[in-house]
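Subject: Structure handover

Hello,

Here is the structure for your files. My notes on its salt bridges and pockets follow below.

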Amino acid sequence: MAIQDLLDKCEYAYDDKDFKKLIGLCDEVLKNNPDNPIAISYKSMAYYFLNQPEKALEILKHASKLHPDNHYHKNIAAMAYYDLGEYEKSLKCCCEGLNIKEFDWLFENRIKALLKLDRIDEAMECYENGPWSIEITDLLIESGKYSLALKYCLEAELDDCESVIDKIKEKDTSEVGDYYISWI
């Protein structure tokens with residue numbers, strides 16, 4: 001089977017979230033073309049989504065030598081480091097990737113790393129200057145900054161404060177109560 005056909009199948013497996021199948025397809029591509037950056041990206045993403053960020057980083061470590069200017073690889077590494085709690089490394093990957101190409105996931109991951117590092121002002125500045133399809137409140141909640149998400153929601157007078165509160169309740173109900181008490 002031609003490499004492009006296999007890569008097309010990789011795309012379908014990725015879209016279907018069939019990550020085990022995706023790994024097998026990537027292995028077929030890499031057997032015939034060991035330096036293929038698309039297969040490397042898919043395979044590392046598959047391991048990342050299978051909750052194996054260490055394995056994703058292992059693949060990307062080798063890939064960075066082959067393709068040092070691949071912003072997708074930088075983004076996947078940033079996500080893996082973030083999941084491992086290595087926020088400085090995640091931030092570094094994001095900055096390196098953004099120096100290669102502006103990419104919305106890299107902006108998003110940069111903000112999340114900055115939030116985890118309690119560099120709130122930098123995170124908010126990045127958010128204000130980035131291309132967005134995600135709300136800052138969602139990034140704040142994902143980063144565990146519940147009171148900041150509520151504060152932002154109230155100060156910005158957003159129409160969907162109820163939605164923000166519901167999302168926080170899913171993560172940690174006590175945060176909502178603590179914030180309300182401090183606000184009153």
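Salt bridges

K74 and E96 form a salt bridge, with the closest N and O atoms 3.0 Å apart (a salt bridge is a side-chain nitrogen of Lys or Arg within 4 Å of a carboxyl oxygen of Asp or Glu). The pair links distant parts of the chain, 22 residues apart: K74 is in helix α5 (residues 71–83) and E96 in helix α6 (residues 87–100). Helices here are DSSP runs of H or I with at least four residues, numbered from the N terminus.

This is a predicted model, in which local features need pLDDT of at least 70 and side-chain atom pairs count only at pLDDT 80 or more, while totals for chains, interfaces and linings use all residues. Residues are numbered from 1 along each chain as its sequence is written, and side-chain values use heavy atoms, with hydrogens and water left out.

K74 is buried at 16% relative accessible area, and E96 is partly exposed at 28% (buried means under 20%, exposed over 50%, partly exposed in between, with a 1.4 Å probe and protein chains only). K74 and E96 also belong to a network of salt bridges with K92. The structure holds 10 salt bridges.

Another one joins K112 and E142, at 2.7 Å from N to O. K112 lies in helix α7 (residues 104–116) and E142 in helix α9 (residues 136–142), so this pair ties together parts that are 30 residues apart in sequence. K112 is buried, at 9%, and E142 is partly exposed, at 38%.

K145 pairs with D118, the closest N and O atoms being 2.3 Å apart. Both residues are in loops, K145 between α9 and α10 (146–155) and D118 between α7 and α8 (120–128). K145 is buried, at 16%, whereas D118 is exposed, at 51%.

Pockets

A pocket is an open set of points on a 1 Å grid over the protein atoms alone, where a 1.4 Å probe fits, with protein on both sides within 12 Å along at least five of seven lines; lining residues have an atom within 4 Å of a point. The largest pocket has a volume of about 300 Å³ (the space filled by probe spheres set on the points, which are joined across faces, edges and corners). Of its 15 lining residues, S64, K74, A77, Y81 and C93 are the closest to the centre. Helices α4 (53–66), α5 and α6 each supply at least two lining residues.

The second largest pocket has a volume of about 230 Å³. Helix α3 gives the most to its lining, with 5 residues.

Regards
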